[in-house]
Amino acid sequence: MKVSRKILGLACVLAAFATGAEAKTYKLAHNVQPDSTAGYMLSEFAERVEEGTDGRVKIKIFANGVLGEQLDYFSQIQSGVIDLGLVNSAALENVIPAYGVVNLPYIFRTSEEYGAVMADPGVRAALFDEAGKHNFVPLGFLSSGFRSIYTTSPVANIDDLQGKKLRTMSSETYIEMLDRFGTVPTPLSFGELYSGLQQGVVDGAEGGLAGLWSAKFGEVAKYALETEQTRLTDFVVASQKFEDSLSPEDLEVVNSVFADISARSIEIADRSEAEDLQKAVDQLGVEVIQIDKEPLMKSVEPMYTEAAKDPAKAALLEAIFAIEGRELN
């Protein structure tokens with residue numbers, strides 16, 4: 001009996017040691033609010049991965065840009081210092097030019113078009129296959145809603161936008177788009193936007209209208225223009241070191257959980273965007289303005305022509321237009 005108890009005790013110790021040795025906590029960085037749509041989905045991802053791997057893979061989330069802006073922590077993902085991160089297509093465009101195609105204004109005109117394009121295997125391959133050459137691994141995408149424009153003073157049409165300083169990300173595509181709209185594109189970090197609006201550094205911003213509520217931009221920017229010019233895609237990317245550290249079984253859990261969340265993200269984003277915008281209207285006094293999109297669409301047509309001349313972008317652009325049933329003029 002004593003021997004069997006010793007053996008049992010040793011077995012328990014070894015089992016506990018094995019579990020502890022296998023368990024590891026990984027860092028996931030993002031620069032959005034924890035209660036934003038992306039923030040909620042990433043929290044769900046972390047919880048389900050930990051549960052699905054019986055605690056072997058734990059993901060600690062660093063939100064609100066605690067580990068820097070996207071380009072800051074993306075470089076650390078490439079070097080393996082940070083394990084995972086939320087990096088949008090505008091930031092990735094600086095690394096892989098093909099991502100600039102999905103950033104083109106009005107490349108997606110409806111949520112249905114967006115969903116069909118992002119689910120297409122050829123499109124996904126065009127976006128993901130180059131990643132390995134740049135030391136990162138895309139897990140997939142999280143959809144944000146359509147991006148529009150919000151301002152601190154009333155705007156009724158494209159003429160009223162002329163000369164307004166609008167905050168944008170540091171993306172060549174976004175900067176050119178706003179320039180063609182007739183505005184003055186002003187790159188500014190997300191964390192500086194509230195004070196920038198408040199102090200008049202910018203007259204407004206290009207971004208998701210949900211931010212008027214979730215980031216309280218609606219306290220200073222009272223006019224929401226439903227221009228819906230882009231649908232910025234957030235990608236969750238991992239370091240090669242992260243992927244290599246997982247067992248095949250745990251990697252399958254990670255990929256499976258994220259694939260499910262990714263597929264649901266379009267509907268979740270659309271619903272959440274609408275709900276948050278309504279909260280901004282009801283509780284912050286934001287006014288929603290319907291604006292004629294046609295002049296805006298017309299102003300950016302040369303961007304398609306230029307993209308079609310770029311070998312790194314042409315094939316993807318043609319593939320997207322074929323899925324959408326459009327012709328490249």
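User: Hi! Which strands does helix α9 lie across?
Analyst: Hello! In this predicted model, helix α9, residues 172–180, lies across β5 (147–151), β6, β7, β8 (204–208) and β9 (223–230).

User: And at what angle does α9 run to β6?
Analyst: At about 160° to β6.

User: Okay, what's the strand order in the sheet?
Analyst: The order is β7-β6-β8-β5-β9-β11. That makes an open sheet of six strands, and the pairing is mixed.

User: Which ones are the edge strands?
Analyst: β7 (184–187) sits at one edge and β11 (287–289) at the other, each pairing on one side only. From one strand to the next, the twist averages 35°.

User: Nice. Switching topic: where is Asn-103?
Analyst: Asn-103 is found in the loop between α5 (99–102) and α6 (111–119).

User: Is that residue buried or exposed?
Analyst: Asn-103 counts as buried because its relative accessible area is 0%, and the cut-off for buried is under 20%.

User: What does its side chain make a polar contact with?
Analyst: With the side chain of Glu-93, at 2.9 Å.

User: Which residues does Asn-103 touch, leaving out those up to four places away in sequence?
Analyst: Ser-89, Ala-90, Glu-93, Thr-173, Tyr-174, Thr-230 and Leu-232.

Methods. Residues are numbered from 1 along each chain as its sequence is written. This is a predicted model: local features need pLDDT of at least 70, side-chain atom pairs count only at pLDDT 80 or more; totals for chains, interfaces and linings use all residues. Side-chain values use heavy atoms; hydrogens and water are left out. Two strands pair if DSSP finds at least two bridges between them. Helices (H or I, at least four residues) and strands (E, at least two) are DSSP runs, numbered from the N terminus. Axes are lines fitted to C-alpha atoms, for helices over the stretch in contact, and angles run from 0 to 180 degrees between N-to-C directions. Contact means heavy atoms within 4.5 Å. Buried means under 20% relative accessible area, exposed over 50%, partly exposed in between (1.4 Å probe, protein chains only). A polar contact is a pair of N or O atoms within 3.5 Å; within protein, one must be able to donate a hydrogen and the other to accept it, and residues adjacent in sequence count only if both atoms are side-chain atoms.
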